Amino acid sequence: MHGRPRKASKPEEEAASAAKAVKLRSLQSQFMTNHHDKIYTKEAIELSTKLLEINPEAYTAWNYRKLAVEDTLSRIESDPNLVNSIFDEELRVVENALRQNFKSYGAWHHRKWVLSKGHSSIGNELKLLDKFQRLDSRNFHAWNYRRFVVELTKRSEQDELQYTDDMINNNFSNYSAWHNRSVLLSSLLAQNADGFMPNEKIPDEYDFVHSAIFTDPDDQSGWFYHLWLLDQTLNVETPLLTSAWPSHGSTIILSGAGCLNSSSSKFTTFCSESGSFPLILYSDQAVGGVSSSTVTIDSELKGNEDLVWEPISNKNSQVSCVWVTHLKYVSSDPCEYKVKIRVGNSPGIISSRGYNFSAPYEFVFTAHVHDTVEDSQEGIVSWTDGFDIWDAKSKDLKSLVTLDRLEAEIDFEWRQEAIDSEVECFGILADSKIGKLTLARLLMAREVMVSDDAVKGVRYEEILQLYNELMALDSSHYQYYKDEHSVAFLHKVTSSSESLSRHLFRYRGMNNLVCLRLNNLSLSRIASVKKLLFVQMLDLSHNELHSTEGLEAMQLLCCLNLSHNRIRSFSALDSLRHVKQLKVLDVSHNHIGKHSVDTTRYLCSSPLSNSEWSQDGVGRQNPGLVTKYWDAYFVLRDLNLKQLDIAGNEISGDEFSSFVLQVVPKLVWLDGQKLGN
């Protein structure tokens, strides 16, 4: 068992072990000769049997026996009795090996292989498993094999669920039984089998797991199952559209690159050199199939007949929570256009779990196309002045962002009732670490589902306090609690227009950009991005962030301040490669280059495994520098930056600055200094 100290061996035990090793080496030598020479005689097969009796983990010996069986079957007549006897002998060898080592991967895999051939009786397999599981009821090998046998025997999932009842009631600490129960219930709930409707069965399961948790609060098995139940309560099978930009009822101003005369406008101003603006869809789970056939756009904007939708994902996947396309406009043709978007009216959008998007949604926004009246300015963007405070009493924010789940016919009532019941139940266990953590998770789940503005957000202070207490109580998991605290805080910030407006500003220097300031908040993780799609300027300075994961959804972002954080490499900025509007980036005073061994550098492609870097001018002229700074190269080359700050990092210096200028040729400002032509 894990955690048990080793005892010193007695002299007689050491002698027996040495004798066993001598015998094992002799058998292995003879066996390997037979294997290499493809000798499958009766004597050679018996030798492999002796080897496996001593060492069931000799995986090569199991593979040899498979080859021997196939060789024997190829040379005998198709006598059913003889064939069955050959496979029965294999089952006997496996059983003997399992008596030596119940956790032998090779033995269990070999037994599966024998049964899969279809020549052996499976009637006694469950009885054999019952015998083995009495010896070790939590052995996951036996449970995996049990699922394999159950599928072969067509035993009902309801009968197997009852078996997990018996095993759990016999031992609440049987994690494998709890896991098997979750596997079975997932299938039965997905089928909506008789007696297994989610709104009826999941509350019953909460009652069932309470017996384990309150009997032995220090055992983790029941707590893990409770966490799984919470996921089932929250997860809605049907994918839902939770946010979009432009949002319903909003007005945006479009122009070419440059400044507008009406820069005091309260609306979102979007300036583009390419003459297009992003249309963003954000769903509550990863989906695929977003295309011009599943999303229809009605507009008089010209040149948007064959739009291409792209998933925004760091994993190069064709499924994502975020999808974006770009609508074209002509800045020299001032006009007002109504744009109507219909999502999901035609089938084809499917979640990564295989469920259809069945909650169609329609939204309308207005696009004002304006002339650019001034040339583009090359002035430096300041993060210290030029900001106007957002008027918290104004209704502008309503036109910028959809703060609630977009309407859909989903039954949340039973889910809310189940979580409310759990919150009340676990309030009495809030003195323990796991009790505090579970209560924090339950309160977060409750806040996510609340739609009544009068009670929304009232529990966030309690959630934050719970994570503060956990950080003080359990230093070994401090970073996890810190991350969850950051998530809860950002959910609190975005829970209402009033709370969000406290962090919003307008930046006068660039067409009154919408700026969100989340600096000096000790944030270690980014969250709730779906409610921030409208943000164009983001200040995350003086926090504790290690990466920019999540920011890839913010397609309007053109200015980003990450100074004074804990970023250790440019690969931690990999998600920014998807933010094509980004022009200003400040990563000064981080830890880039400080750690000689930094595994986060391998989050994105390396030139050591990708030859495309040698195809461009920088790669051909400076292959040594590209190899040295490959993560910076792969991130920065995909950005169209005008202003970059990297001072205060170990990596900064003349060599790296020179390299940056080659990779980002359009750069105008570097570390506060304007560059020459």
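Asp574 is buried, with a relative accessible area of 7%. Buried means under 20% relative accessible area, exposed over 50%, and partly exposed in between, using a 1.4 Å probe and protein chains only. The model is predicted: local features need pLDDT of at least 70, side-chain atom pairs count only at pLDDT 80 or more, and totals for chains, interfaces and linings use all residues. Residues are numbered from 1 along each chain as its sequence is written, and side-chain values use heavy atoms, leaving out hydrogens and water.

Asp574 sits in the loop between β15 (559-561) and β16 (584-586). Helices (H or I, at least four residues) and strands (E, at least two) are DSSP runs, numbered from the N terminus. Phe634 is 60 residues from Asp574 in sequence, yet their C-alpha atoms are 8.3 Å apart.

Thr49 belongs to helix α2 (residues 42-54). Thr49 is buried too, at 9% relative accessible area. Beyond its neighbours within four places in sequence, Thr49 is in contact (heavy atoms within 4.5 Å) with Arg65, Arg92 and Val93.

Both residues make side-chain polar contacts. A polar contact is a pair of N or O atoms within 3.5 Å; within protein, one must be able to donate a hydrogen and the other to accept it, and residues adjacent in sequence count only if both atoms are side-chain atoms.

| Side chain | Partner side chain | Distance |
|---|---|---|
| Asp574 | Arg577 | 2.6 Å |
| Thr49 | Arg65 | 2.7 Å |

The protein has 20 helices and 19 strands. Of its 677 residues, 51% count as buried.
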